[in-house]
Amino acid sequence: MLLLKSRLQDLKIISYYLGKIFIAVGVCMLAPMALSFFLAEYSVVYDFVIGFSLSLLLGYSLLTLCKTEEDLTWTQGMVTVALTWLIAALLGAVPLFLSGHYRCFLDAYFEAMSGFSTTGLSLIQDLDHLSFGHNLWRHLMMFMGGQGIVVFALSFFVSGASGAFRLYVGEGRDERVLPNVISTARFIWGLSLLYFIIGSLVLTLIGLKNGLPLGISIFDGVCLFMAAFDTGGFTPHSQSILFYHSRAFEAATVIIMVLGALNFKLHYELWMGNRQELKKNIEVIAFSLSVLLIFTLLSIYFVMSGTYLHKGGLFFKGFYQLISAHTGTGYQTVYNGQIANEWGDFALIMMIIAMGLGGGICSTTGGIKMLRLGVIWSGLSLDINKLLLPESSVLVKKIHHIKEIVLEPKLVQSSFIITFCFLILYVFGALVGAFLGYPFLPALFESTSAAANVGLSCGITCADMPVLLKLTYIFQMWAGRLEFISIFILAGFTVAFIKGK
Amino acid sequence: MIKYIRIFLLLCAVLCCADVYARAETLLYRRSAQLIEQALELDESTVVFKGEVVGHILPRGNYAWLNVYDGDNAIGVWCPLYMAALIKHTGSYSMRGDSVALSGVFHRECREHAGELDIHALTLEVVRSGSSIKHDVSPLKRKFAITLLVLVLMCGLFVMVRKRR
């Protein structure tokens with residue numbers, strides 16, 4: 001009924017906020033444009049001039065035509081977020097497509113969506129000859145997407161706090177680090193920038209020690225940090241982390257990936273000196289137990305099957321891939337074909353579980369997330385205890401996540417619903433893959449990788465894959481990153497708009 | 001009868017030659033996809049590989065890492081520094097790297113390098129020298145970019161003037 005009364009007004013408000021965000025996306029293209037100019041990659045400069053201009057023209061047009069003073073409602077906020085990610089990827093794909101390294105615009109759009117959603121699946125051709133400007137843009141998209149495109153806009157462009165919160169929640173984050181959502185957004189950016197400086201410096205030094213020239217060390221250090229901390233998975237080289245042949249790079253990226261998978265709220269507590277939180281937090285406990293259990297099973301399997309018989313292989317291949325999968329990063333120290341041909345079904349299943357579970361809520365990872373897993377597990381154990389005790393007894397269960405939280409049925413229910421949606425999304429992509437002729441398990445692996453925004457591949461994702469599968473993975477990356485709610489609301493909004501209700 | 005025996009012998013000789021030729025072909029050129037897919041069978045065997053050196057040469061004491069790209073994947077090649085010194089150009093945005101042909105021992109899980117899939121080079125030869133890549137800007141792209149930029153500047157001015165009013 002609300003939409004019937006003000007549907008054009010709804011569109012106007014949504015468009016106005018979209019305009020602000022598109023300008024922010026365009027402004028971000030200035031960084032790769034400047035780098036290309038500095039490195040005399042003049043052809044690339046034009047690619048970014050076109051991308052920048054289109055973003056700003058679209059943004060200015062929406063701001064001018066749809067000028068409004070009104071704050072966003074919940075519905076408008078959710079629709080804004082869902083559309084932001086679809087259209088921002090469209091704008092981000094423009095300079096990529098113009099690079100000539102993609103077979104068609106859909107491939108460039110796939111790459112941009114993969115970048116913004118911090119997935120890391122790639123359809124690029126001949127990455128090793130890509131310009132520095134385009135490569136920086138691929139990684140910058142990951143950084144923006146990891147922090148949240150809307151969070152970025154919130155920090156600098158949106159003044160109304162309530163509207164800002166609606167955008168923040170729509171982007172798949174339902175926790176505030178600080179009481180004010182704009183302060184939260186600024187904290188997330190501030191913290192990320194601090195880690196960015198430290199992490200890039202460390203990776204640069206490792207690069208120098210490994211024989212890379214200074215300029216390349218800095219460039220690779222910055223790019224690798226952005227993609228690792230935002231659990232993205234793009235790298236400047238086609239071999240992913242294998243390119244460096246360096247255990248130091250692998251160890252450093254493991255630490256950065258884990259940092260990226262931690263809840264920003266937990267980071268805040270740690271920076272405030274509350275170290276005890278690490279020992280008590282349900283997400284940290286669930287993540288540690290999951291990694292320990294899966295790595296133990298994987299190690300036994302790898303040794304028994306003869307896949308990896310030595311410590312080096314077990315740790316730098318098995319453990320590295322597991323951390324990469326569990327944090328949703330997608331960095332690889334093995335080739336796609338090795339996962340498909342050598343690892344075997346059991347290892348694939350373990351990796352699918354790790355990818356599907358993901359990292360912390362309010363972090364840059366995708367997937368079901370550790371808090372939900374902890375809540376569902378605690379809810380299950382509460383129910384079993386209730387069955388075992390007399391009916392008259394009252395049981396109260398608490399979980400520790402920053403503070404003590406009483407486990408209420410509503411919390412368990414909401415965690416279960418999102419988990420269920422993720423499971424459906426994983427299976428949906430696998431069924432599409434199987435329908436198109438791929439074996440089910442590899443199809444499930446690739447589908448989970450896309451939907452949980454991981455980026456590990458067992459070889460299905462390539463420029464030759466069917467268009468339907470490309471579209472499916474784009475949808476999965478988008479839906480998985482936004483965690484469904486804003487997508488459902490966009491669908492409802494669209495249907496109501498068409499029906500005129 | 002002698003005629004038939006001769007024909008039979010001739011056929012056998014042709015078949016043998018064809019087989020030897022086929023074996024030589026597979027021995028000569030291994031594709032990276034083949035190395036990855038048949039890693040178990042080819043483990044610890046001597047292979048011949050060909051491709052473009054991309055990225056950078058990464059020295060490690062008296063040895064160095066090269067990444068050799070054959071159009072499908074890049075494979076890590078571990079070689080002595082004197083071999084790496086033969087390479088003058090490595091592939092990047094502005095450069096087509098030297099094409100090398102090398103023979104070496106293929107490892108599926110190299111014990112020396114923490115389980116990497118790599119080739120330890122025994123011989124290496126530069127078969128084609130690299131060259132710089134020219135990136136011309138198409139006039140259409142240039143015109144389109146400048147037109148859009150002018151439009152953006154006009155829009156920016158319009159918004160600024162409107163704000164002041």
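This is a predicted model: local features need pLDDT of at least 70, side-chain atom pairs count only at pLDDT 80 or more; totals for chains, interfaces and linings use all residues.
**Entry 1. Chain B, overall**

I began with the make-up of chain B, which has 5 helices and 7 strands. Reading from the N terminus, I noted the order of its elements as α-α-α-β-β-β-α-β-β-β-β-α. I then looked up burial: of the 165 residues in chain B, 32% are buried. I also checked how far along the sequence the contacts reach. Among contacts in chain B between residues at least 6 apart in sequence, 56% join residues at least 24 apart.

**Entry 2. The barrel in chain B**

Which strands form the closed barrel of chain B? I traced 5 strands in the order β1-β2-β3-β6-β5, and their pairing is mixed. On average, with direction ignored, neighbouring strands of this sheet are turned by 55 degrees against each other.

I went through some of the pairs next. As a reminder to myself, strands of a sheet pair through backbone hydrogen bonds, either parallel or antiparallel.

- Strand β2 (residues 63-69) of chain B pairs with β3(B) in the antiparallel sense, over 7 bridges. I found B:Y63 bridged to B:P80, which is in β3(B).
- Strand β3 (residues 74-80) of chain B pairs with strand β6 (residues 116-128) of chain B in the parallel sense, over 3 bridges. Here B:W78 has B:H120 in β6(B) as its bridge partner.
- Strand β5 (residues 99-110) of chain B pairs with β6(B) in the antiparallel sense, over 10 bridges. B:T123 in β6(B) stands opposite B:S103.

β5(B) and β6(B) form a hairpin with 5 residues between the strands. In that hairpin I noted B:A114, which takes a positive phi near 50 degrees.

**Entry 3. B:K88**

I picked B:K88, which lies in the loop between α4 (81-84) and β4 (95-96) of chain B. Is B:K88 buried or exposed? I counted 11 other C-beta atoms within 10 Å of B:K88; 12 or fewer count as exposed, so B:K88 is exposed.

With neighbours within four places in sequence left aside, B:K88 is in contact with B:D98, B:S129 and B:G130. I also looked up its separation from B:E41, which is 47 residues away along the chain. The C-alpha atoms of B:K88 and B:E41 are separated by 34 Å.

**Entry 4. Where chain A touches chain B**

I turned to the contact between the chains, which takes 40 residues from chain A and 38 residues from chain B. Which elements of chain A give two or more residues to the side that touches chain B? They are α3 (42-65), α15 (311-326) and α16 (336-341) of chain A. α3(A) gives the most, with 11 residues. Sorted by class, the side of chain A that touches chain B has 18 nonpolar, 17 polar and 5 charged residues.

**Entry 5. Two packed helices in chain A**

I looked at helix α19 (residues 409-435) of chain A against helix α20 (residues 440-451) of chain A. The helices pack at an angle of about 135 degrees, and their axes are 8 Å apart. That angle makes α19(A) oblique to α20(A). The crossing of α19(A) and α20(A) is right-handed.

I listed the residues that make the contact. From α19(A) they are A:F422, A:L425, A:Y426, A:G429, A:A430, A:G433 and A:A434. From α20(A) they are A:F440, A:A443, A:L444, A:E446, A:S447, A:T448, A:A450 and A:A451. By class, this contact of α19(A) with α20(A) has 10 nonpolar, 4 polar and 1 charged residues.

I ended with backbone angles. Most residues other than glycine have a negative phi.

A:T231 is not a glycine, yet it has a positive phi of about 45 degrees. I placed A:T231 in the loop between α10 (214-229) and α11 (247-261) of chain A. A:T231 has 34 other C-beta atoms within 10 Å and is buried.

A:S240 is not a glycine either, and it has a positive phi of about 55 degrees. I placed A:S240 in the loop between α10 and α11 of chain A. Why does A:S240 count as buried? A:S240 has 26 C-beta neighbours inside 10 Å, and 20 or more are needed, so A:S240 counts as buried.

Terms used: Residues are numbered from 1 along each chain as its sequence is written. Chains are lettered from A and ligands numbered from 1 in the order in which they are written. Axes are lines fitted to C-alpha atoms, for helices over the stretch in contact, and angles run from 0 to 180 degrees between N-to-C directions. Helices (H or I, at least four residues) and strands (E, at least two) are DSSP runs, numbered from the N terminus. Angles under 35 degrees count as roughly parallel, over 145 as roughly antiparallel, 65 to 115 as roughly perpendicular and the rest as oblique. A crossing is left-handed if the near helix is turned anticlockwise from the far one by less than a right angle, and right-handed if clockwise. Two residues are in contact if their C-beta atoms, placed from the backbone, lie within 7 Å. Ala, Val, Leu, Ile, Met, Phe, Trp, Tyr, Cys and Pro count as nonpolar, Asp, Glu, Lys and Arg as charged, and the others, Gly among them, as polar. Two strands pair if DSSP finds at least two bridges between them.
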